[in-house]
Amino acid sequence: MRDPYEVLGVQRSASAATIKSAYRKLAKKHHPDNNNNDPKAAARFAEINTANEIVGDEDKRKQFDRGEIDADGKPRFQGFPGGGGAGGRAGPGGFEYSFRGGPGGGGGGGSFEDILNSMFGNAARAGSARAGRASPFEFDGGGVGVDLDLSVAMTVSLEESVRGGDKRVRLPTGRELNVKIPPGVTAGQQIRLKGQGDTAQGHPPGDLLITISIAPHPFFKIDGNDLRIDLPVTLYEAVLGGKVRVPTLGSAVELSIPKNTSSGRTFRLKGKGLSKAGVTGDLYVTTRIVLPDGNDAELEALMQTWRERNPYNPRSDLG
């Protein structure tokens, strides 16, 4: 890959804030969703993300500036420490390798196994296994750690969070995946998909971490395990009472409104909320009296007569 500073269009001396600002502008400009007719947009977007993973991270940026990792975040070979130690023998490329002697034999410095392990880690063992032969060396899988995990955000509807379902997500690399949403997922919860993260030669693939958020619902509001809803009722339903249909996350139910129900009165429908950790919440229904649209001369005359005969002040407690 190109130099990450060049990809982001910033100087090597650029501040962290400058790098962050440049990344955001480029990511927005080259996001595949905004460039549906450009087949190269995904590749540019992936290159921008990779560059930001290097110079946008303080530790990785220092490693890159010191020449310890390359533009893809992969470790660069720095040579062997103490190359002139005892037991050194010239190997390929002019490097010196130190061997450990067998029984009764002398040897100095690190073993050839240690050297290969520091160079290749698990990759050498995997290569021997693929070749169908056992490696004469033992490896402990050590070496420089590479963070290959990817993190994305996903917004689901309230119904999807309750019932589960399938949803498609786009990764920072431009790749798309179908993700199964488990029933009962909550806001802030993470879904981990093993092996679906980034890749680098000589390392196992990282994981994909999906952080869930729940989109605002047209009429339900989430309150912990409970749900709340404002229920419009007519003036005559509030005065005379009656049965009113109330939506739930399942099928609608009928709620009995008693006579003389004021706007703002709250009723509880037990067990109609959300189920979390084995506990099911309730649905709280608050009535809101709604008058008909337009002017109704008959209603106005009725209210004038009623006001003259039955005056009252519901705000008397407010002083």
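Glu68 is partly exposed, at a relative accessible area of 30%, where buried means under 20%, exposed over 50% and partly exposed in between, with a 1.4 Å probe and protein chains only. Its partner in a salt bridge is Arg66, with 2.8 Å between the closest N and O atoms; a salt bridge here is a side-chain nitrogen of Lys or Arg within 4 Å of a carboxyl oxygen of Asp or Glu. Arg66 itself counts as exposed, at 51% relative accessibility.

A word on the source: this is a predicted model, in which local features need pLDDT of at least 70, side-chain atom pairs count only at pLDDT 80 or more, and totals for chains, interfaces and linings use all residues. Residues are numbered from 1 along each chain as its sequence is written, and side-chain values use heavy atoms, with hydrogens and water left out.

Which residue forms a salt bridge with Asp166? The partner is Lys180, the closest N and O atoms being 3.2 Å apart. Asp166 belongs to strand 4 (residues 165–170) and Lys180 to strand 5 (residues 176–181), so this pair ties together parts 14 residues apart in sequence; strands are DSSP runs of E, at least two residues, numbered from the N terminus. Asp166 is exposed at 56%, and Lys180 is exposed at 61%.

Arg288 and Asp230 also meet in a salt bridge, at 3.6 Å from N to O. Arg288 is partly exposed at 37%, and Asp230 is partly exposed at 43%.

Finally, Arg2, Glu6 and Glu47 are linked in a salt-bridge network. In total, the structure holds 15 salt bridges.

Note on methods. Helix = DSSP H or I, 4+ residues; strand = E, 2+ residues; numbered from the N terminus.
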